Amino acid sequence: MLELLRQALIIIGVLAVPFLIASGLTWGERRLLALFQDRYGPNRVGPGGVLQVAADMFKILMKEDWTPPFADRPVFVLAPAIIIIATLSSFAVLTFAPGIAVADLNIGLLFFLAMSSMAVYSVVLAGWASNNKYALLGSLRAVGQMLSYEVFMGLSLMGVVIQAGSFSLGTITRAQQHLWFCVPQVVGFVVFTIAGLAETRRIPFDLPEAESELVAGYHTEYSGLKFAMFFLGEYVGITLIAALVTALFLGGWWGPVLPPLVWFLLKTLVVIAFFILVRAALPRLRFDQLMEFGWKLMLPLSLLNLLVTGAVVLWQEGLRF
Amino acid sequence: MTDVSDIIQRLRWRFPDVELTEQATADEVPTVWVGVEHVRAVLAAARTECPLETLYDLTAIDERARVHRAGQPASDFTVVYHLLSTTCNHELRLKVALHGEEPTLPSVIDLWAGADWYERELWDMFGITVMGHPRLERILLPSWWEGHPLRKEYAARATERPPFVMNDTVRAAQEQALHFDPATLGWARHTEEFDYMFLNVGPHHPSTHGVFRVVLQLDGQEIHDAVCEIGFHHRGAEKMGERQSWHTYIPYTDRVDYLQGVMNNFPYVLAVERLAGIDVPDRAKVIRILLAELFRVISHLVFLGTFAQDLGMMSPVFYLFTDRERAFEIVESVTGARMHPGFFRIGGVAMDLPGGWEAQVRDFIAYMEKRLGEIESTVLANKIFRLRTEGIGVLVSEVALAWGVTGPMLRASGVPWDLRKARPYGGYEQFDFDVPTGCNGDCFDRAQVHVAEMRQSLRIMAQCLRVMPGGSVKADHPLTTPPPRERMLHDIETLIDHFLNVSWGPVIPAGEASVAVEATKGNNSYYLISDGNTMSYRTRIRTPSFAHLQLVPLLARGLTISDLVAVLGSIDFVLADVDR
């Protein structure tokens, strides 16, 4: 009974905490960007402006939830739901600390990759169902970008899988007790982080919603709660990628003094802050440059990484016998 | 400088049978009248043989109400071609007399591609039919507009017309007029293999920098063709000039290019002073130059910030707007206003510099010099920034000249044309500065030239600090408006001048003058015609943005939407400057 209660609490926690972090990010990102840009950002509602989150939520809930008459209504409504479901369910396979996981699947990483492919549907369907040219262009860009970056996102993780000998995120983190994987798998680390930026459609890969080009890209026609879901979905996505970077490369919960869960959270927040810093610093690529960068540089790099990792692991195995 | 007799003499030799009537103007630009039947031949010769490769301005004057026209051929509408050679540094004003209520004129688009919009403006504003123009439609006014506003019979004030009523029928008709049909442009809807997509960018779009519309014919993400629509920001600034006194028009000029503040006043007051024959005291000259260069920095900061933002760079715009704020602090303490100071006066400036201005300017120069280095290393040196701008929107110098491009955009294409050097005005001949140029004429060069120009402006400001002469900031001339207050309180003559010039407005002697300055975006000139009255008879504002924006379709063809945004950002236009 107690075990069941514990499990229920973990499930609720895993659902709630990413949501909390994501909604906190709607304020946190603006404050951090403001810090980088010599201004204040939202600092009026509550201490330091934290309650801005609540104010924004309230505002967006009160807004008219408009579905344009020319849109394909069922799909238009479905699209924002998909992104939330797909990104949130990926959190289920993460192990945050020893014993704190919803389901430490032995195919955890594959599940995450599958779910991130699902998230593409959300963007594509949103653009398609909106029946708006800007939205369509945005979603076309999104398909091209996310599909191609997924290829080497998966490949960049294979080095970690080979070293840990498992697809389970718990096992992978456990294998980093003495050395974080960001050291032996530095190439994988860099490639995964970049692919993660692309998957979450952040600058310099924010082409699908490039404001100065496509107004708002695939969610141009969205408003009210549906827009909020896209907005939140993006932040949940960032939190997910940051948590994955932490679990796969930055030693997950391992760390001195502080409890494991705190370490995990701290590392995740640092990675998120890094993503925000990148946004403050870089311009946006053009679509063909993005593709070139992906296929001509990132893909060969991750393949090479896979090859070298495999060879080294085999060599070490050979030494043992 | 220009050898007046030379160009006209050459045209006389070339066309011995054509009657060429010379006209003396206050600005000493060689001005010659030619019959409408010969205009194309003379212009073609001027273009190739003189060689005046740039059509600098093309406008018209409604002469039907003008009194003082001694020595000029009879004319109802006079079309004025202002030609310029940047290589030989000479110019020519060619006037054509047209008669009747519905005059016609041959088009010169084949000679200067940039004549396109100017000829449409002739039709729009004066109802002059330009024969042979491929698309003679209204340009600044909407297609449903009635009448031609710059004609003298057209009312300048709303109170002179019946009240305007907007009802559903009118609204529906106006909305319908904005409806886009590719067939009217002769655009194909599809090829044999695929359909084109037509994308309407603007009038409300984040990167059109104002109300401006581009319709794109897209093949996937590639731009096959584009057409611009302007006029959404038209306020009739030229017509207002005919209803405001010479003095009260100064604040209106501020708003023509709302980013360059007093730089707008500069060509206007210079032209009025040329007509009135006023010599400005040295101190006023240096104050004018100091403020003009400060506003060049202000405008270029906006350019660079918004350009970086168009490319997805989020932070520079905040840094640069903060820097701009520092410059505004100086403007504020000198003029009392920020963006639209309206500080220049006919015959000087509004008031003397405040105490402590030296320290303020010195601090700003020291700060900005350091800051420009940071801008270069964070924006211009950024790898992605370079990827997005190098080789994009390349403008070759010959094309640039044919389209009337001036300013940083022309210099980025490698032509070292800077009016401050080529034809120093307002005291620039005493300052030491360089004219930065680019070599590729792409978006990156345009950004780089802008940064380099900011450095030069700081250099000029530093020299202003060193050489600032003493003395009065207003000329000792009866037409100086308003006359110096201290003297007005002491002698009756100045009091009379003050009373007349302030209540009625100064009466500027009849004549014509066009003065150009190197404004922030290119050559900006005011062509003023006085009929010996308190108001101008015709005010023509030649703005750089108008000429530059015409190039968008040419630069955008074959590029992607993302590149279009880069091109638009790099052109550095202000819609108020385009539409006036």
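Q: In what order do the three strands of the open, antiparallel sheet in chain B stand?
A: This is a predicted model, in which local features need pLDDT of at least 70 and side-chain atom pairs pLDDT 80 or more, while totals for chains, interfaces and linings use all residues. Residues are numbered from 1 along each chain as written, chains are lettered from A and ligands numbered from 1 in written order, and side-chain values use heavy atoms, without hydrogens and water. Strands (DSSP runs of E, at least two residues) and helices (H or I, at least four) are numbered from the N terminus, and two strands pair if DSSP finds at least two bridges between them. Here the order is β13-β14-β15.

Q: At about what angle to β13(B) does helix α7 of chain B run?
A: Helix α7 (residues 262-276) lies across β13 and β14 of chain B. Angles run from 0 to 180 degrees between N-to-C directions, with axes fitted to C-alpha atoms, for helices over the stretch in contact; contact means heavy atoms within 4.5 Å. The angle of α7 to β13(B) is about 150°.

Q: Which residue in β5(B) is the bridge partner of B:W33?
A: Chain B also has an open sheet of five strands with mixed pairing, in the order β1-β2-β5-β4-β3. Within that sheet, β2 (residues 31-34) and β5 (residues 90-98) run parallel and are joined by four bridges. The partner of B:W33 in β5(B) is B:K95.

Q: Which three residues supply 21% of the area that chain B buries against chain A?
A: The contact takes 32 residues from chain B and 25 from chain A. Buried area, the accessible area (1.4 Å probe) lost when two parts are put together, summed over both, is about 2,500 Å² here, with carbon and sulfur atoms giving 57%. Supplying more of chain B's share than any other three residues are B:Q221, B:M314 and B:I384.

Q: How far apart are the closest N and O atoms of A:R286 and B:D563?
A: A salt bridge puts a side-chain nitrogen of Lys or Arg within 4 Å of a carboxyl oxygen of Asp or Glu. The count between chain B and chain A is one. A:R286 forms a salt bridge with B:D563, and the closest N and O atoms are separated by 3.0 Å.
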